[in-house]
Amino acid sequence: MDIKENREIRKSAQDVINQLSVILRTAQIHDPNNIAVTLAIERFLALINQLAELEQNVKLDLIGEFFYINDIRVRYSLEYLLNFDFIIREFRKRELGSVIFKGSIDFKDMQLFLKAFIAGGFSDEPYETMLEGIDESKDIEIDRLKKIREGADVDTRKVIKKIYYNAVSYSKGVMNKIKAGEKVNIKKAKRIVETMVDQILEEEKLLLGMTAIKDYDEYTYHHSVNVSILSIALGQRLGLSKKMLTELGLVALFHDIGKIEIPNEVLNKATNFTDDEWKLIKKHPLWGLKAILRLKGLESSSIRSSIVAFEHHMNYDFSGYPKVRKNTELDLFSRIVSLADQYDAMTSSRVYSRIPLAPDKALSIMMERAGSQLDPLLFKFFVNMVGVFPIGTLVMLDTRELGLVYEANVLFAERPRILIIIDSKGQRVHGPTVDLTEKDAAGKFYRTIIKTLDPNKYKINLAEYLL
Amino acid sequence: MEQPEEIKEAKDILQSLIKAKKTFRMYPHNNPIYIKTLDETYERFKNFFDYKDNFLLKIKQNSIAYDSEQIYYNPEKEDNLALFFFKDGLRELIFKNGLLRDELEEFLKIIALDFDREVIDDDIVTLLWEKDFKNIQYVVDEAFLIDIDEDDYATIAEEKVKEKITQIDDLMRAYTDGFHEEDVKGVSIVPLTDKDLQLLVHELEKDTSDKAEKLVAILFELIYQAESKNDLEDIFAFLRDTINFSMKHGDIYTTINIMKRAKDILDDPLLGDDEKKYIRMLYSYLGTEEVISLLAEILDSGIEIEDKFFKEFVGALDRNAILPFIKFLGELKTIRARKSVIEALIVLGKRDIQALSRGLEDNRWYVVRNIIYVLRKIGDKRAIEYLLKTVRHGDIRVRKEVIKTLGELGGREVIQTLKDALSEQDMQVRITAVKALGTMGSEVAKKIIIDDISKKKFKEKDFDEKKEFYEVVSRWKDAEVFNFLIKALKRKAFFGRSRNFENRACAAFSLGLLGNKDALPALYKVKDSNNNLLKEFSVAAIRRLEHGH
């Protein structure tokens, strides 16, 4: 499939979901036979059948926060945001994970689906009701939403922690082995990154949440893993394939490997660096390139890793280091890793500036740098990914509650899930987690963020709350 | 399906997989045995799926079980399918109803890889993961990814990071301060527009470009930034690795690019002698057996290389590439590849005839013949010294080639050899020798041929050979040859008349080629000869002299 065709399919996929949302919204107000509904169905059929001509079966999946059509994630522009948000909520309400349109769909099939969908909304067993409702349809099938299970959240968090610490442990092992001149197993690295990619594709926010905890003793190893996770998550937003995401994750994991050459007393110095120390620090991209190329025989991923290790501090406008005689455009992965690296470094406590920034403050600074030091286009995607209130942000709510951002909300960035740590009476609590998109009967939000504070200033240990 | 039958079916499928693993390793994908094995294995799966939805295998170190029943056991390390899966962490393999033939083929291709011998950067799990099969799933034990001494890393790290409990005072201070903070403004989400998406698509399209080129650009930059010999040593080792890597992937363009860049900076006054020494060493590396063997593989693989680029590549080579090229000349499988190597040797051989001539000692006759061809194309008389030693080569094809070449190269030193070759046992060699003398075109050569024809035993030769001799002599368009031929045309004999007629017919043929119309009276005299051969050739000669054809 060529790129143009791919783009057209992507656009059609976006239109399909949008139109499905229009039908469902209209059908909730009007009778299924009403002209507004039938017109919307006609439009939807034109779209879905056009897609079916190219793809035979069209499978629509809701995975995490995203819709996928035939395994391709559907990107959408802002104008569709409300419709997408609506349909995601409606799917979740019915525990509906997939709809499979088998070949050409007719009007009757869609009416059947609509009736089942509406019935599902009023049922205690929504998915089962839907399943029963579309039993007669030969061309439309459904499947249950995979993530809704009792206790699944707890299990998933355990898995996430395991994946994260595995990666950190590996990262530590690699650095130690390189220092000792021992052989490094790249196959292992790939496997570790693959598990991170799988997790991010499944539900990015949980693994992203792990990157918010910065108080580890072994900053360097955690930083490498954090940058890898943030890069994969950004790569996912950019629509990179699984294979590309693995390469990106791997490249990011090794981006700072040159630092093994910097003496620990310099690296972990509590005060500001001297000029000579800075000179050493600025060598790490070159040392990184060398270390990677020396690891083992050259292969595609080591070529890219070495390029990124060399370029990740050069900056979009080449104002960084190392300086070269002839500037050529930075590799895409270098620009991605550079964003992830700056963000993680700024929000951590053991970096050059020595002053950890609150996530939202770090984003503000990065915004000023977008277009000069940072790629402005990628930054847009990055902000959309971490949200205006990234995980770990300390917030004051209009309910006089103090909380920590616990999970980002892809659709409503300013309305994440919050873990309350001081209640409205000023009492220290551990939870509950509240969803800021929740509204009262009058349609007014229960809670809204009014202030942000720096958790570092108050020595708030995020691990205590987020792990 | 009843239980025992189901187990039997499962065993059969597993045996099919084992067989296919071997077959896929041995045969290319278009081989009938490969296709048959795939079809049979697929058929077994399809039959199984008529009754069951999943085919689930549980894997242990030395055994594989289906439905709690062990259906495979092998305690050995070699050829152990269970261990093959187990060592990379695979614990369950699930084939689902709906399995596609293509999926099965890709799966078999993966398990057929020789992980011990081939340089494969991925393990089985990664390869399966990358394929993302819809109907083949697996369960992996990731425990082995953690180093034993880091077993507890997660617990320790988590406990440690949680140690510093947030103090209630700090928390309350945050709460109080919170009321006095400014209201949020910060970063707002920048909406993504269609234009952003277009720009992104453009970025992703650009990203497909070759990364090795970028690395090369960086490495050349680093030559300028090198602070020590060690730095240079590293950079040039990486450049060599890049050449190696790209050539292994069938790409000669990156190497050409490297050599172009090397050439460009060789005269740069900003670079010192050390840098230049390394650049020259890089040129030498290109001509090593290591690189030339990779080039040979590319040539044999059928990858299209534009003539222009191949010439550029060869142009960058040093003469040390000659011997490796000779080595691979005898090993290449395709004519196209051999032709390319010969072209390369013609270019490179000019720089070192001696090295090229070592190819004459090769024990493969076809290599020797090719080298002689190359020497002829180069046309350097210094090769004669080496060629003369090859004249007695055991293979007649080589002897012919060398005689032909000696004739083209000419010179006094080849005369005796060619003269001797006229007495060779093999007629083809003698013909080649006379032609070679003709190519030389010297008076001495002429005399040798005339003398040979004049010998009594000449007429004993086959007619075809005689004709060749007479044809060659006609290239000297002088009176001596004219008179010699007229004399031969008129010569009569009492004994061996038919042989004599052959000689006279050849003389008539040669006179026709000579183009001197003074021969016409003599030819007219014999044109009505009773001997058909003489008659035919003299008529043809007259026609040629009178009408030019």
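**Figure 1. B:Arg240 within helix α10 of chain B.** In this predicted model, B:Arg240 belongs to helix α10 of chain B, which covers residues 229-248. Because 19 C-beta neighbours lie inside 10 Å of B:Arg240, this residue counts as partly exposed, the class given to residues whose count falls between the limits of 12 or fewer for exposed and 20 or more for buried. B:Glu92 is 148 residues away from B:Arg240 along the chain, and the C-alpha atoms of these two residues are separated by 42 Å.

**Figure 2. A:Arg89 within helix α3 of chain A.** Helix α3 of chain A, made up of residues 81-93, contains A:Arg89. The count of C-beta neighbours inside 10 Å is 12 for A:Arg89, and therefore A:Arg89 counts as exposed.

**Figure 3. The open sheet of chain A, with the pairing of strands β2 and β3.** Five strands of chain A are arranged as an open sheet in the order β3-β2-β1-β4-β5, and their pairing is antiparallel. The edges of this sheet are formed by β3 (72-73) and β5 (140-144) of chain A, each of which pairs on one side only.

**Figure 4. Strand β4 of chain B and its pairing with β1 and β5.** Strand β1 (residues 54-59) and strand β4 (residues 90-96) of chain B run antiparallel and are joined by five bridges, with B:Leu57 having B:Leu93 in β4(B) as its bridge partner. β4(B) also pairs with strand β5 of chain B, residues 136-140, again in the antiparallel sense and over five bridges; here the bridge partner of B:Phe95 is B:Ile136 in β5(B).

**Figure 5. Packing of helices α18 and α20 of chain B.** Two packed helices are described by the angle between their axes and the distance between the axes. For helix α18 (residues 365-378) and helix α20 (residues 396-409) of chain B, the axes come within 9 Å and cross at roughly 10°, so α18(B) and α20(B) are roughly parallel to each other, a class that takes in angles under 35 degrees. By class, their contact has seven nonpolar, one polar and five charged residues. From α18(B) the contact includes B:Trp365, B:Ile372 and B:Arg376, while the residues that α20(B) brings include B:Arg397, B:Val402 and B:Glu408.

**Figure 6. The buried residues of helix α24 of chain B and the helices around them.** Within helix α24 (residues 463-473) of chain B, the buried residues are B:Lys466, B:Glu468, B:Phe469, B:Tyr470, B:Val472 and B:Val473. These buried residues of α24(B) pack against α22 (427-440), α23 (443-454), α25 (479-490) and α26 (497-514) of chain B.

**Figure 7. The contact between chains A and B, and the domains of chain A.** Chain A brings 72 residues to the contact and chain B brings 65 residues; on the side of chain A that touches chain B, 35 residues are nonpolar, 13 polar and 24 charged. The domain assignment divides chain A into domain 1 (3-144), domain 2 (152-386) and domain 3 (394-466). Taken over C-alpha atoms, the centres of domain 1 and domain 3 of chain A are separated by 34 Å.

Technical notes:
Residues are numbered from 1 along each chain as its sequence is written. Chains are lettered from A and ligands numbered from 1 in the order in which they are written. This is a predicted model: local features need pLDDT of at least 70, side-chain atom pairs count only at pLDDT 80 or more; totals for chains, interfaces and linings use all residues. Helices (H or I, at least four residues) and strands (E, at least two) are DSSP runs, numbered from the N terminus. Two residues are in contact if their C-beta atoms, placed from the backbone, lie within 7 Å. Ala, Val, Leu, Ile, Met, Phe, Trp, Tyr, Cys and Pro count as nonpolar, Asp, Glu, Lys and Arg as charged, and the others, Gly among them, as polar. Domain bounds come from an automatic or database domain assignment. Two strands pair if DSSP finds at least two bridges between them. Axes are lines fitted to C-alpha atoms, for helices over the stretch in contact, and angles run from 0 to 180 degrees between N-to-C directions. Angles under 35 degrees count as roughly parallel, over 145 as roughly antiparallel, 65 to 115 as roughly perpendicular and the rest as oblique.
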